[in-house]
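The structure comes before the discussion.

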Amino acid sequence: MKNFTSAKLKKIISNIFSHSFLLILVLIWIAPLVWILLTSFRGEQGLYSTEIIPKTLTLSNYTRLFTETEIFNFGLWFMNTLIVSICSCIISAFYTLAVAYAMSRARFKMRKPFMNMALIMGLFPGFMSMIAVYYILKGVGLTEGYFILVALVLVYSGSAGLGFYIAKGYFDTIPRAIDEAAIIDGASKWDVFTKITIPLSKPIIVQTVIASFLAPWADFIFAKVIAGSNARYYTVSVGLFEMISRENVNQFFTRFAAGAVLVSIPMVILFLSIQRYYSEGNSGAVKG
Amino acid sequence: MFKKKKTSQFNTPYTIQSAFKKGNRWTKLSFLIMGLGHFSHKQIIKGLIFFTSQVLFLTYMLRFGLYSLSMLPTLGTELTGEKYDAVKGIYIQTFGHNSMLLLLYGLVTIGMIISFFLLWKANVCSAYRTQVLYETTGKVSTFKDDLRRYFDQELHKTLLFLPILSIVVFTVLPLIFMISMAFTNFDRHHQPPGNLFTWTGFETFKELVSFSGELGTTFWNIAGWTIVWAIFATFLNYIFGILLALLINRKATKFKSFWRLGFVLSVAVPQFVTLLVINGLLQDQGALNIILQKLGLLSHGTYLPFLSNGDWARVTVIIVNLWIGIPHTLLIVTGILQNIPKDLYEAASIDGAGPFTTFIKITMPQVLFITAPYLLLQFIGNINNFNVIFLLTGGGPASLEYYKATAGKTDLLVTWLYKLTIQYNDYNIGATIGILVFVLSTIMALVIYRRTGAYKNEEGFQ
């Protein structure tokens, strides 16, 4: 009896310990996020504040993002990013699925070489070709005016065909017997692809679409190189990054925080909503 | 014997050689004028497609391509300058060659020639195929039949066309463009327009990997730090991530999804936001130092140089990277942990194994087996981890020992590459670094990836 209680006590202590440890860790992980949330409501301007909790709380950082648009037009950037990310996620999803299907189902001479090439090209640092991409886009006149947005779509979706590995692995788990049965019933391979494979691949499609939808919101390097100083065609991230450049940071830091919160909210919602598909996508199409 | 069978798996009877030997007059004429073989069998649309592309290609070559090719070996000879015009009696500006554009156009032309050659081959084979079909069955395929074939047996070609085209334009061509810059002297002193640059062979490589000279020592210093960083960043994140996942997955832990949400939230917020904020927090006058001062841990006016001292900064980026990376590992590992059969643990506990033994003998092997490719990708991703370094320290604190003060103490090879190309216009050095990073990653990848089961038995699933 005595033994039993001491084991129980030990268990309770270790539970208290592990839960408080987790609590401390979560606080560390959340702290920067909370800090930026507080900053976005801070009345006092400036990067540094001697107080951790703001003295005055205000919504003006948010409203000024959309009303004071002479230098930084947040609403416009938001629309730019939305357009770019919608177009690029549609194209990327098509590219990824098309390549993945071809690699999974067709057998042709260039298949293995292509798959090895895709791996090899992924090993070059992406920044290496950035400047070259810029000059190529400039060569065909895609770095002026509205074409900047077209260029961004092309750049973000351009190499999506190389990221087929996860989707291919998923297609590999769909039994070929299903395809063969459909073909015996007179379906063409196109029918198989559009009417069987794609409907069976919802998790992988959601994952691809959302991942490529999120990319333009997070990238600030490519977009900056392509848009240059043309602030009308900035995406949200380039714009926010400009806000806290050395000459602007003191004036705009609280507004940067507000903008960051506005960008993060949809991203968090989308991200949490794909988490479920994420684990499903990695476990295969047909559940035993 | 098995090998021979494998290579002949995709062979067709319709090759260039057999078309040349056994083709009829029209097929043979298709070698010169594309589309003729198809016209002779009344395949008008197909013939027109081939014929027009030949006309377009020849016009391109005559008006533009041949010139581009001829400029490729020198990359331009005429400087931009002023020329005295005797008739008008004034100096007029002449535009010299732009080496960079000449290089780009030359490469594009080579690409055009290669794709035209493939099209030409397809034309000959297709003409021969039509001829054979006509001779054996008396019928030829109509354009509609061909279209249908491209959505059935040949669906993969249709599906791959656009993705591959876009990969060639946005990945392959830029890569080749950049790689060729590594063999030139395209640096800050040779900037077109105005100045020419030219081929220099392996000069930049030699300078970069030599242990003497400012450039060489900088390279080896940064490369060494890059590898140290990649090892720490990968394995610390991995181990701590697994431990955290185990802690959350413990039977006794309450509110599992709440804890998970708390950690994963930081993944969902864009990195440039979180990292810039952390950068603000860790400044000499930043919030963390203020908190430490208020708590009395630091006397007033003193601060900890998290980002301003070279050695401190290196440790700081590794620790902050834990903040970034642990949630990622948590995401990946949680599902795997839940799939490990419970009876394994029960059997182990009956046999008297403690938590440490079960972790080493059951959990780790299972997790490691599934996540080996992920670990490899993480390692290569960390060698190329631009965001964390660039946003957190910007590569700083700057070091005067490094080549022309272009790099700082926490710079990785990729951030140095970025600075050299975007800020300092030393394209040749940047490109060379890119190639060396590629070589480094490839060696790592080939050695590890070829050992994983996923590569060896790809067809195992089907």
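## Charged and polar pairs

A salt bridge is a side-chain nitrogen of Lys or Arg within 4 Å of a carboxyl oxygen of Asp or Glu. By that criterion, 0 salt bridges are counted between chain A and chain B in this predicted model. Polar contacts do link the chains: 9 residue pairs are in polar contact between chain A and chain B, with both residues at pLDDT 80 or more.

## Extent of the interface

The size of an interface is often given as the accessible area lost when the parts come together. Here chain A and chain B bury about 7,900 Å² between them, and 80% of that area lies on carbon and sulfur atoms. Within the area that chain A buries against chain B, 11% is supplied by A:W29, A:L123 and A:M128, more than by any other three residues.

In residue terms, 89 residues of chain A and 90 residues of chain B take part in the contact.

## The chain A side

Helix α1 of chain A (residues 2-40) gives the largest share of the side that touches chain B, with 16 residues. Sorted by class, the side of chain A that touches chain B holds 61 nonpolar, 18 polar and 10 charged residues.

## Cysteines

Over all chains, the search of the whole structure finds 0 disulfides. For A:C89, the closest cysteine sulfur belongs to A:C87 and is 8.4 Å away, so the distance is too far for a bond.

Two cysteines can be described by accessibility. A:C89 counts as buried because its relative accessibility is 7%. B:C125, at 16% relative accessibility, also counts as buried, the cut-off being under 20%.

Methods: Residues are numbered from 1 along each chain as its sequence is written. Chains are lettered from A and ligands numbered from 1 in the order in which they are written. This is a predicted model: local features need pLDDT of at least 70, side-chain atom pairs count only at pLDDT 80 or more; totals for chains, interfaces and linings use all residues. Side-chain values use heavy atoms; hydrogens and water are left out. Contact means heavy atoms within 4.5 Å. Buried area is the accessible area (1.4 Å probe) that two parts lose on being put together, summed over both. A polar contact is a pair of N or O atoms within 3.5 Å; within protein, one must be able to donate a hydrogen and the other to accept it, and residues adjacent in sequence count only if both atoms are side-chain atoms. Helices (H or I, at least four residues) and strands (E, at least two) are DSSP runs, numbered from the N terminus. Ala, Val, Leu, Ile, Met, Phe, Trp, Tyr, Cys and Pro count as nonpolar, Asp, Glu, Lys and Arg as charged, and the others, Gly among them, as polar. A disulfide is a pair of cysteine sulfur atoms within 2.5 Å. Buried means under 20% relative accessible area, exposed over 50%, partly exposed in between (1.4 Å probe, protein chains only).
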